[in-house]
Amino acid sequence: MAFVDHSLVLFSSTHWAAVAALFLSAVPLVVAARARPGRWTTVAAWSLAVLLVINELAWWTVIAVRGEWGWDYALPLYLCDAAGFTAAAALVTRRPVLVELTYFWGLAGTIQAMVTPDLHYDFPSYFYFQYFAQHIAIVVAALFLVVGLRIHPRRGSILRVVAITLAFTALAGAADVITGGNYMYLHRKPVGGSLLDVMGPWPLYIAAGVPLAVVIISLLDLPFWRGRAAPGGTGA
């Protein structure tokens, strides 16, 4: 990556501040959506969608102005990049498959990126705020849509999400070969440490990551099984 500066230290005060911001953003919005649903939720959804898109586009603009844009890391081929645009589309359209992707990608992937961020900047850098604003917004969108607005994953959601994720991973892998990048961390693990560190060396961690992802997605889907089992149930 071209722009390397003082990296965020895991579980430092600035890291915990970002985690706290996630809870302070998500909990009131989700509680309010469940307790008092109404037209305001559409305004909230659109506002969050605009934030996600503008924040991502601003990042591209900033690195381009700084002369640091590169094919090997600036394409939207990390899962959280895809999750950001998917979440924005889900917030606006409420299409079930987009909501499912936002929910599972947000809670299975983006939260991990919050806990072990691969971030080469710390507070008060622009990139610190950009990174956490994007990741927080994705998780908030996932919880807002599924828990707050009760748009629950449907039957077959696990297979759909796993299939789409594998297809996206294949696309990222092709881009890695062409650009020499490390999209989806298919060539090497994040430098700062992550869950991948306990899965063995390359390429074993890639093979181990697939069944682990399926298990995590299945656990996230578990709360909706009972609702689907009811007559006419859709997971509510």
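**Close-up 1. Thr86, a buried residue in helix α3.** In this predicted model, Thr86 has a relative accessible area of 12%, so the residue counts as buried. Thr86 belongs to helix α3. If we set aside neighbours within four places in sequence, the contacts of Thr86 are Leu98, Leu101, Thr102 and Trp105.

Close-up 2. Eleven of the 15 residues of α3 are buried, so the helix is largely enclosed by the rest of the structure. Among them are Leu79, Cys80, Asp81, Gly84 and Leu91. The packing partners of the buried residues of α3 are α2, α4, α5 (126-148) and α6 (157-179). The length of α3 fits expectation too: at 1.5 Å a residue, its 15 residues should span 21 Å, and its end C-alpha atoms are 21 Å apart.

**Close-up 3. Arg95, between α3 and α4.** Arg95 sits in the loop that joins α3 (79-93) to α4 (96-115). Is Arg95 buried or exposed? With a relative accessibility of 51%, Arg95 counts as exposed. A distance of 9.3 Å separates the C-alpha atoms of Arg95 and Ile151, which are 56 residues apart along the chain.

**Close-up 4. The packing of α4 with α7.** Two packed helices are described by the angle between their axes and the distance between the axes. For α4 and helix α7 (residues 204-221), the angle is about 120° and the axes are 10 Å apart. The crossing of α4 with α7 is right-handed. On the α4 side, look for Tyr103, Phe104, Leu107 and Ala108; in α7 they meet Ile216, Ile217, Leu220 and Asp221. By type, the residues of this contact comprise seven nonpolar, no polar and one charged.

Close-up 5. Across the whole structure, a search finds 15 aromatic pairs. One of them joins Phe11 and Trp16; their ring centres are 5.8 Å apart and their planes lie at 35°, so this pair is tilted. Another brings together Trp60 and Phe85, with ring centres 6.0 Å apart and planes at 35°, so this pair is tilted as well. Because Trp60 lies in helix α2 (residues 40-65) and Phe85 in helix α3, the pair ties together parts that are 25 residues apart in sequence. Trp60 is partly exposed, at 22% relative accessibility, and Phe85 is partly exposed, at 30%. Elsewhere, Phe123, Tyr128, Phe129, Tyr131 and Phe132 form one aromatic cluster.

**Close-up 6. Backbone features to look out for.** Most residues other than glycine have a negative phi, and most peptide bonds are trans. Which peptide bond ending at Pro124 is cis? The bond from Phe123 to Pro124 is, with omega near 10°, and Pro124 is in the loop between α4 and α5. The bond from Trp202 to Pro203 is also cis, with omega near 0°; Pro203 is in the loop between α6 and α7. In the segment before α1 (13-35), Phe11 has a positive phi near 60°. Phe11 is partly exposed, with 46% relative accessibility.

Note on methods:
Residues numbered from 1 in each chain as written. Predicted model: local features only at pLDDT ≥ 70, side-chain atom pairs only at ≥ 80, totals over all residues. Heavy atoms only, no water. Helix = DSSP H or I, 4+ residues; strand = E, 2+ residues; numbered from the N terminus. Buried < 20%, exposed > 50% of the residue type's maximum accessible area, 1.4 Å probe, protein only. Axes fitted to C-alpha atoms, helices over the stretch in contact; angles between N-to-C directions. Left-handed = near helix turned anticlockwise from the far one by under 90°. Contact = heavy atoms within 4.5 Å. Nonpolar A, V, L, I, M, F, W, Y, C, P; charged D, E, K, R; others polar. Phe/Tyr/Trp six-rings, centres within 6.5 Å; stacked < 30°, edge-to-face > 60°. Expected span 1.5 Å × (residues − 1).
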